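Student: I've got a new model open and I'd like to learn how to read it. Can you take me through it feature by feature?

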Amino acid sequence: MSAHVLVLGGTTEARELAAELTARPGVRVTTSLAGRVARPAAVAGGMRVGGFGGARGLADWLRDQDVTALVDATHPFAERITANAARAATAAGVPLVVLRRPGWQPGPDDRWHPVPSLDAAAELLPRLGRRAFLTTGRLGLAAFARLTRLHFTIRSVDPPEPPLPPHTCVLLDRGPFTVAEETALLREHRIDVLVTKDSGGTATSAKLTAARELGLPVVVVRRPPLPQDVSPVPDVTSALERLGPL
């Protein structure tokens, strides 16, 4: 009897998990991507792109496709997807594993300013600097559009969604980046404040080290809370252990 695992993906951990699971005899894996990146990285097993139509649509898909287990390995800020996954898994009677890499922790020399949202980051930003490096993704940047006296360098994989601040330089690039590369970028663009989301992991953490070494303040957008009764696992090994033999 074969097992079918649906992985809600888009992260490095999701790709690693799909590779581990497809290597198991009798296990079929489908990775679902939201479709926000034009050229997603390849994944092992099957792939689907696009939404399900909310929690009810996802629950129907789980039943129709005989899904054995659901893994939410989306970005830590994919709040709606995680909430829908929890509701859908309960409705369909499918076990759910939520994989969330641990968040970043500041060191004694870091100048971090935690905020609850992009709007709060925009409110704080003018008091910290005039040349900001935004690494919060391509969505939600309208929060900064009213800051006409600041200059922004924005980095994202795909072109950011407007409206954008009037004084903006857009860099289209995909990590991981080295500390040396991030330090050179901050100096080249004369950045005096960094804005980022608490994504966690090592792929994008070099910018934090570079900011620390240059003595720059960092505005860190905190993660949204997980749904009640959801107990996440921190890595692929723990997700495999939680899934069991399938």
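Student: Which residues line the largest cavity?

Tutor: First, the ground rules. This is a predicted model, where local features need pLDDT of at least 70, side-chain atom pairs count only at pLDDT 80 or more, and totals for chains, interfaces and linings use all residues. Residues are numbered from 1 along each chain as its sequence is written, and side-chain values use heavy atoms, with hydrogens and water left out.

Tutor: Now the general idea: rolling a probe the size of a water molecule over the atoms shows where empty space is left. On a 1 Å grid over the protein atoms alone, a cavity is a set of points where a 1.4 Å probe fits but cannot get out, and lining residues have an atom within 4 Å of a point. Here the largest cavity is lined by T11, E13, A73, T74, P76, L99, R100 and R101.

Student: What volume does the largest cavity have, and what classes of residue line it?

Tutor: A volume is the space filled by probe spheres set on the points, with grid points joined across faces, edges and corners. That gives about 50 Å³ for the largest cavity, and the count is 1 cavity of 30 Å³ or more. For classes, Ala, Val, Leu, Ile, Met, Phe, Trp, Tyr, Cys and Pro count as nonpolar, Asp, Glu, Lys and Arg as charged, and the others, Gly among them, as polar. The lining has 3 nonpolar, 2 polar and 3 charged residues.

Student: Let's zoom out. How many helices and strands does the protein chain have?

Tutor: Helices (H or I, at least four residues) and strands (E, at least two) are DSSP runs, numbered from the N terminus. The protein chain has 7 helices and 11 strands. Its radius of gyration (taken over C-alpha atoms) is 19 Å, close to the 18 Å that the globule rule gives for 246 residues, so the chain is as compact as a globular protein of that length. That rule is 2.2 Å times the number of residues to the power 0.38. Along the principal axes, the C-alpha atoms fill a box of roughly 60 × 35 × 30 Å.

Student: What share of the residues is buried?

Tutor: Buried means under 20% relative accessible area, exposed over 50%, and partly exposed in between (1.4 Å probe, protein chains only). Of the 246 residues in the protein chain, 47% are buried. As for contacts (heavy atoms within 4.5 Å), take those with a separation of 6 or more: 64% of them involve residues 24 or more positions apart.

Student: How do I read a helix, say α6? Which of its residues are buried?

Tutor: An α-helix has 3.6 residues a turn, so residues three or four places apart point the same way. In α6 (residues 206–214), the buried residues are A206, K207, L208, A210 and A211. They pack against several elements, including β7 (131–135), β8 (151–156) and β10 (193–197). After α6 comes G215, with a positive phi near 75 degrees.

Student: And which residues of α7 are buried?

Tutor: Those are V236, S238, A239, L240 and L243. Their cover includes α1 (12–22), β4 and β5. Just after α7, G244 takes a positive phi of about 75 degrees.

Student: Where does a residue other than glycine have positive phi?

Tutor: D66 is one of them, with phi near 50 degrees. D66 sits in the loop between α2 (54–64) and β4 (69–72), and at 60% relative accessibility it counts as exposed. L246 is another, with phi near 60 degrees. L246 lies in the segment after α7 (236–243) and is partly exposed, at 32% relative accessible area.

Student: Which residues are joined by a cis peptide bond?

Tutor: Check omega. P162 and P163 are joined by one, with omega about 5 degrees, and P163 is in the loop between β8 and β9 (168–172). Another joins G175 and P176, with omega about 10 degrees; P176 lies in the loop between β9 and α5.

Terms used: 1 Å grid on protein atoms, 1.4 Å probe; cavity = no way out; pocket = protein on both sides within 12 Å on 5 of 7 lines; lining within 4 Å.
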